[in-house]
Amino acid sequence: MSTYLRCNDVKSNYYDEKEVTLRGWIHRIRKQKEITFVLLRDDRGGVIQFTIPTKKAIDLTIESCIQISGNVKKDARAPEGGYEIRGKDLKIFGTAPADYPIGEYQSQDLLLDYRHLAVRTRRMSTIAKIRASILKFSRQWFIENDWLEINAPVIVKDAVEGGSSLFEIKYFDRIAFLSQSAQLYLEAMVFALGPVWSITESFRAERSRTVRHLAEFTHLEAEAPWMYQEELMKVQENLVSFIIQNTLTNNSPDFEFLNRNVKELSSISPPFERMSYGKAVDILRSRDFTVLCGDGAHRKIEWGDDLNIESERELTKDCVKPLFVYEFPIDTKPFYVREDPTKSEISLSTDLLAPRGFGEISSGSERESDVESIEKRIEKQSLDPKAYGWYLDLRRYGSVPHSGFGLGMDRLVRWILGMEDIKDVVLFPRTMSRVTP
Ligand code: ATP
Ligand code: MG
């Protein structure tokens, strides 16, 4: 790979009238009798128009990969930035047949069927660039704050979030599962490395088809010793604010391209809003908010109900900043969440809800340290206690008070981009109905 110019590099007075060579794909093409107008798209989604005598453009088709040399010309009529290239020499690296399956207006399903090609659309590549920044600034925050990055296995024997959403796999002559979360491994590493974090794919066999759930998602998780609930929230609000502000600065033209109004995002800074679960239920009850019961009927929400997406939406529809909900009933939380020693039935846990109804983006908690209490709750949640022997050892050998959280990166990207469907922010989404491409 030699260094090469991209389309936006040459849109400047400096290159005006100079000869340049660009590489890319044919994004659009309009052939006239003498002259052909081509919009070239480079390998970062930038575009520039070039012209070429039509007799040299016979073989050019949409998505053919080419190299074009010619002189840059400042011309206010040229689309996409007022510069074009008067093409002289053309080299074709890869010709595309004339039946390119993706046109300008396509159904969502077709775009998903052809996702391997749809990733070339400027919309998809812009989303991917913003996502890359979000990943980059996440990593930067942890590096700057002295957390160590680790890698955790995704083939596991234990459930973290309850058995119903486990993917079972054949593991030689045994059964194993795809990991729902790296948390238990992060917890183990807290004893060896202090504050640790990871980005791992997590897998959940969610049978619900929603705009917020994937079967495979990118999970940012962090765990630290001697961290308690208040600091747990501070870490998350600092991290999320850092990611957002840096991404807005770094990718401003990309947000513009996607027509994403970033006014509210640009005001996101610590501290975030905080509300106890009890207060949340009181508010929802005062608005006669109902939940669906097992028998299909609706009844008014009560203390003890988990907050579903409708209640999350109701609580945050007028918020500009994210909202931490804390003090959830212990029975709504997984086995490892610590019970508040001063308030019976209350857990030391927090969910972070994105504003404007985007719903939960992360869950965190202090972790239970009492072996017996964990064992009881493992059984209560119908999990196999034998699978957790190693995890309980962590509590037996020099347990340390610790806390951690899991942040869904796809959900974070979805909110930052203000997009409805989580599938839109993932390159190759995995859902109940889709495992290819
Ligand atoms: P929800 O109730 O919204 O389905 P959850 O409480 O089951 O989520 P957690 O176990 O708390 O999810 O996982 C931590 C984070 O991982 C969530 O806050 C969310 O951002 C993300 N997440 C969980 N499940 C999914 C999924 N199926 N697809 C995408 N992201 C997910
Ligand atoms: Mg959660």
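Q: Why is Glu187 called buried?
A: In this predicted model, Glu187 has a relative accessibility of 0%. Buried means under 20%, so Glu187 counts as buried.

Q: What makes the pair Glu187 and Gln183 a polar contact?
A: The two side chains come to 2.7 Å from each other. The cut-off is a pair of N or O atoms within 3.5 Å, so the pair of Glu187 and Gln183 qualifies as a polar contact.

Q: Which residues does Glu187 touch, leaving aside those up to four places away in sequence?
A: They are Glu223, Tyr336, Arg367, Tyr391, Leu394, Arg395 and His402. To touch here means having heavy atoms within 4.5 Å.

Q: How do you know that Glu187 is part of a helix?
A: Helix H4 covers residues 183-193, and Glu187 lies in it. A helix needs at least four residues in its run. Looking at the whole chain, you will find eleven helices and 18 strands.

Q: What share of the residues in the chain is buried?
A: Of the 437 residues, 50% are buried. Each of these falls under the 20% cut-off for relative accessible area.

Q: What makes a side chain count as positive or negative, and how many of each are there?
A: Lys and Arg count as positive, Asp and Glu as negative. The chain has 61 positive and 66 negative side chains, with the centres of the two sets 7 Å apart.

Notes: Residues are numbered from 1 along each chain as its sequence is written. Chains are lettered from A and ligands numbered from 1 in the order in which they are written. This is a predicted model: local features need pLDDT of at least 70, side-chain atom pairs count only at pLDDT 80 or more; totals for chains, interfaces and linings use all residues. Side-chain values use heavy atoms; hydrogens and water are left out. Helices (H or I, at least four residues) and strands (E, at least two) are DSSP runs, numbered from the N terminus. Buried means under 20% relative accessible area, exposed over 50%, partly exposed in between (1.4 Å probe, protein chains only). The place of a charge is taken as NZ of Lys, CZ of Arg, CG of Asp or CD of Glu. A polar contact is a pair of N or O atoms within 3.5 Å; within protein, one must be able to donate a hydrogen and the other to accept it, and residues adjacent in sequence count only if both atoms are side-chain atoms.
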